[in-house]
Amino acid sequence: MPDFTYEIEDIELAQQGLHRINWVRERMPVLGRIKEDFSRTRPFAGMRIGICLHVEAKTGVWMDALTSGGAEVVITGWPGTTQDEVAAALVAEYNVRVFAKRSETTNQHLDYVAKVLSTEPHLIADNGAELHMLAHTNSDFSGAKAKLLGATEETTTGGFRLREDIDEHIFPTLIINDTRAKRIVENRYGVGQSVLDGIMRCSNLLIGGKRVAVIGYGYCGQGIARALRGLGAHVTIVDIEPLTRLEAHLEGYHTAELEQALPVSDIVITVTGRPGALKRDHLALMKDGAVICNAGAFENEIDLPGLRALASEPHQIMPDIQKFKLDNGKIVYLFGRGNSINLSAGDGNPIEIMDLGLALQSLSLAYLATNGQSLPAGPQNVPGEIENEVAVRTLRAWTRS
Ligand SMILES: NC(=O)c1ccc[n+]([C@@H]2O[C@H](COP(=O)([O-])OP(=O)(O)OC[C@H]3O[C@@H](n4cnc5c(N)ncnc54)[C@H](O)[C@@H]3O)[C@@H](O)[C@H]2O)c1
């Protein structure tokens, strides 16, 4: 038994988790080479890294690379997306301190985030700015602040929160999402495939011929729309930016206002990175029998309290499908409880895609370990050399015959 504190569903699941991690590891050659490099150079010797990221198999392979580089790692995940067997394997086999359960509530999640920060990490890898918000707004963590050399932030939404909700930054943060590498490779190609995978896995629905509204036509929305079209769906794009709607029109998609799209859509997918993309009044407009799901980082893109206020108690009809009867008599189905559908009903972005994303994370953290103290505080770009290095390594791995 490990001699450190952790909170997971069941340590007995470790063997299952190990199988998952091993399947993934063999398909992450870029991270594999980085692990070899880190084992030699030990960039994190004597350092602790605090992480808030979905606890799933690809993250597991990444933890192994970081610990091989000398780091002590403490991680929490997100409600509804943790793979409990991977959490168990990380604790039992990799000596990673994990505070994460698939069944965790929002309050538990916040408690776990606090537990990670209270270990006073030297570096942070964040997803959605959870650790950042706590470090900057709660005076209980002054010890942690003093130690922090720097951080990374993975997501679009986390980038917004860092720029809009924190007035005075206290350490440098490299925004992984702002790299072209992540936006193009992961957000466009990875999310497109994995969101459809999540929808199809949990529902067994045919996509061809369905009318699907994609709300938000950014990098992720473009990828989702492209994947939907590839399977024969009739795609309508809703976006608040007129120029973005024009771009969608030029790509051959139907564009519409939300109020026009909802009554005729069989499936509605939110992916704006902003709260309240689908509000209570919108929900009442939906077609009878329609599906709602979210692909953005936070479930608050859908007004879930508003949905609950409009409807009778939901029936959990399948593991990732809840049925709501609205007070106007219509039925709507919520997939994945509003969490990112590719993670709640699937395994997240494809393995090869996250090989690139986590390679960017790894080299960014190693850069911060050496240079963090001399960088200005606040959000900033990943150095171009790191992005190029990862692109070169990935292309080499993917085109090797
Ligand atoms: N599920 C995943 O695996 C995954 C992976 C990467 C990113 N994400 C998340 O997906 C979300 C979108 O990311 P992105 O990189 O595409 O962002 P982006 O900024 O490139 O695009 C967002 C788009 O939404 C539009 N928009 C904003 N508010 C809107 C509203 N109320 N109604 C309609 N359109 C609106 C914007 O005009 C923009 O075109 C973020 O939350 C991001 O963190 C999820």
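These are legends for several views of one predicted model.

View 1. The C-alpha trace stretches about 60 × 45 × 40 Å along its principal axes. A compact globule of 401 residues would have a radius of gyration near 21 Å, and the protein, at 21 Å, agrees with that. Over the 401 residues, 54% count as buried. Take the contacts between residues at least 6 apart in sequence, and 71% of them join residues at least 24 apart.

View 2. The protein splits into domain 1 (11–182 + 349–399) and domain 2 (187–344). Where they meet, 13 residues of domain 1 are in contact with 16 residues of domain 2. On the domain 1 side, helix α8 (residues 156–165) gives the most, with three residues. That side of domain 1 is made up of four nonpolar, eight polar and one charged residue.

**View 3. The open seven-strand sheet.** Read across the sheet and the strands come in the order β3-β2-β1-β4-β5-β6-β15, with parallel pairing. At the edges sit β3 (97–99) and β15 (378–381), each pairing on one side only. Ignoring direction, neighbouring strands here are turned by 20° against each other on average.

**View 4. Strands β2 and β3, with helix α6 on the sheet.** Strand β2 (residues 72–76) runs parallel to β3, and three bridges join the two. For one of the residues to look for, pick I75, whose bridge partner in β3 is V98. Helix α6 (residues 130–137) packs on the sheet, touching β1 (48–52), β4 (123–126), β5 (150–153) and β6 (172–175). The direction of α6 makes about 130° with that of β4.

**View 5. A close look at L262.** L262 sits in the loop between α12 (258–261) and β10 (267–270). Is L262 buried or exposed? L262 counts as buried, because it has 23 C-beta neighbours inside 10 Å and the cut-off for buried is 20 or more. Setting aside neighbours within four places in sequence, L262 is in contact with A213, V268, H282, L285 and M286.

Note on methods: Residues are numbered from 1 along each chain as its sequence is written. This is a predicted model: local features need pLDDT of at least 70, side-chain atom pairs count only at pLDDT 80 or more; totals for chains, interfaces and linings use all residues. The radius of gyration is taken over C-alpha atoms; the globule rule is 2.2 Å times the number of residues to the power 0.38. A residue is buried if 20 or more other C-beta atoms lie within 10 Å of its own, exposed if 12 or fewer, and partly exposed in between; C-beta atoms are placed from the backbone. Two residues are in contact if their C-beta atoms, placed from the backbone, lie within 7 Å. Helices (H or I, at least four residues) and strands (E, at least two) are DSSP runs, numbered from the N terminus. Two strands pair if DSSP finds at least two bridges between them. Axes are lines fitted to C-alpha atoms, for helices over the stretch in contact, and angles run from 0 to 180 degrees between N-to-C directions. Domain bounds come from an automatic or database domain assignment. Ala, Val, Leu, Ile, Met, Phe, Trp, Tyr, Cys and Pro count as nonpolar, Asp, Glu, Lys and Arg as charged, and the others, Gly among them, as polar.
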